[in-house]
Amino acid sequence: MDASLPKNMADKAAERAAAHVRMFIYFAAGMAGLLFGLDQGVISGALPFISQEWNLSSAAQEWVVSSMMVGAATGAIVASVMAKKIGRKKSLMIGATLFIIGSLGSGFAVSADMLIGFRLILGLSVGIASYTAPLYLAEMSDKNARGRVISGYQLMVTVGILAAFLSDTAFSYSGNWRMMLMVIALPAVLLLLTVIRLPDSPRWLAAVGRIEEASGVLEALHGSVEIAREEMKDIKDALKIKQDGWGLFKANKNVRRAVFLGVLLQAMQQFTGFNVIMYYSPKILSLAGFSTTEDQMIGTVINGIVFVLSTFIAIFMVDKNGRKPTLKIGFGVMALSMAVVGVCMSMLEAGTADISISYLAAIMTMVSIAGFGMSAGPIVWVLCSEIQPLKSREFGVACSTMTNWITCAIVGATFLTLVDTLGSAHTFWLYAFLNGLFIVLTLAYVPETKNVTLENIEKNLMEGKKLRNIGC
């Protein structure tokens, strides 16, 4: 009998146990993405009923939508401090608790001001979750699966949006917008219960001097003492790199380059115009000629389904074809589809279009959603979690996440105004132009980071390589 068999069996058992640990971690942290998506999607269906009940102006509607983003931008700053001081796990727990408070409070609101206040709390929780979860997943996943894992988080965001659309549709027949806003508290309770069982990030544990605990987590993740020791050595080496402080102006120029790249990526993601479609889907469908509430809600649900399915494309492409090629394709698809939607809107405004043009506008809106779901939606979060050096990772990711929500708030707070002033056609043409510009910026600045360890990306950055080459 082969004497090595027991050892081989033990190794396989350890690998299976490690795989189970990783899957639980990915699921639990991915639940934060579900909350992110639920809150993004729920307001789309609830807003028409809220506006009708309280007779809200366009400006007031924009505030109801964008108040969540303002809170989220604040939440990203708060999360950066919490994640550094108390760790990723406890930050997620706090985010889930605030989400429960914000969603229930929104449902019980008796005025627009009260609703905006609780949506700010919701935003705070979503900002914490959207900052902490991708960061945590990047630090807990293997280099060869990192893109898929973080794209899986984005898949949970899309599932959350679709679930919100379905829930909104179910409650729309009775016009019960309060239940639309309150029911999303249930997944937050589940997140809170699952996060309690998560381990802390080994990179954070090492950064605060808890080396033995970090080594234990790495062994549980890999099922191998040897691999854990090798990764622990890389983490210790990264911690030795001098970065001249945590803040932007204290950091050296290479850290600042990473911060600015993260900011640029998140601004590019939001100014694609995707969230215009998500937040104002019924409004856009009405502009396209679909006047009944039933048609608008069905179209909104279909948009959510397209978003979920297209995110699967990113999961399969991101670690195989790479981040950069997928981004270029996605921006190209969005530029073309937004331009066609603009042409359709121009014909509809001029009264020269028939029903086929309305359907074409709706279809091209779905194509734009697919372009975002397969590219900028997940991949920007992947890149932003990869490019920041370990010692300043909390700060760098905070800056990029805060940018995401500030630009998201700008987009949400200006769409109706743009439509009222420029017209719907010129508004979509503006977003088409921006997507074309983002292809150029991707070519100039975005690195390819597939199959590269976080520590090697950091090494190339700190050596002063051009940003587009730090993944080489």
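N55 sits in the loop between α1 (5–54) and α2 (58–85), helices here being DSSP runs (H or I, at least four residues) numbered from the N terminus. This is a predicted model, in which local features need pLDDT of at least 70 and side-chain atom pairs count only at pLDDT 80 or more, whereas totals for chains, interfaces and linings use all residues. Residues are numbered from 1 along each chain as its sequence is written, and side-chain values use heavy atoms, with hydrogens and water left out.

The lining of the largest pocket comprises 19 residues, with D142, K143, H222, E231 and T453 nearest the pocket's centre. Among the elements that give two or more residues to this lining are α1, α9 (211–222) and α20, while α10 supplies the largest share, four residues.

As for confidence, the protein chain averages a pLDDT (the predictor's confidence in each residue, from 0 to 100) of 84, and 93% of the residues score at least 70. The mean is lowest in helix α13 (residues 281–287), at 71, and highest in helix α19 (residues 424–445), at 94. Over residues 1–5 pLDDT stays under 50. Where pLDDT is low, the predicted coordinates should not be read in detail.

Terms used
Contact means heavy atoms within 4.5 Å. On a 1 Å grid over the protein atoms alone, a cavity is a set of points where a 1.4 Å probe fits but cannot get out, and a pocket is an open set with protein on both sides within 12 Å along at least five of seven lines; lining residues have an atom within 4 Å of a point.
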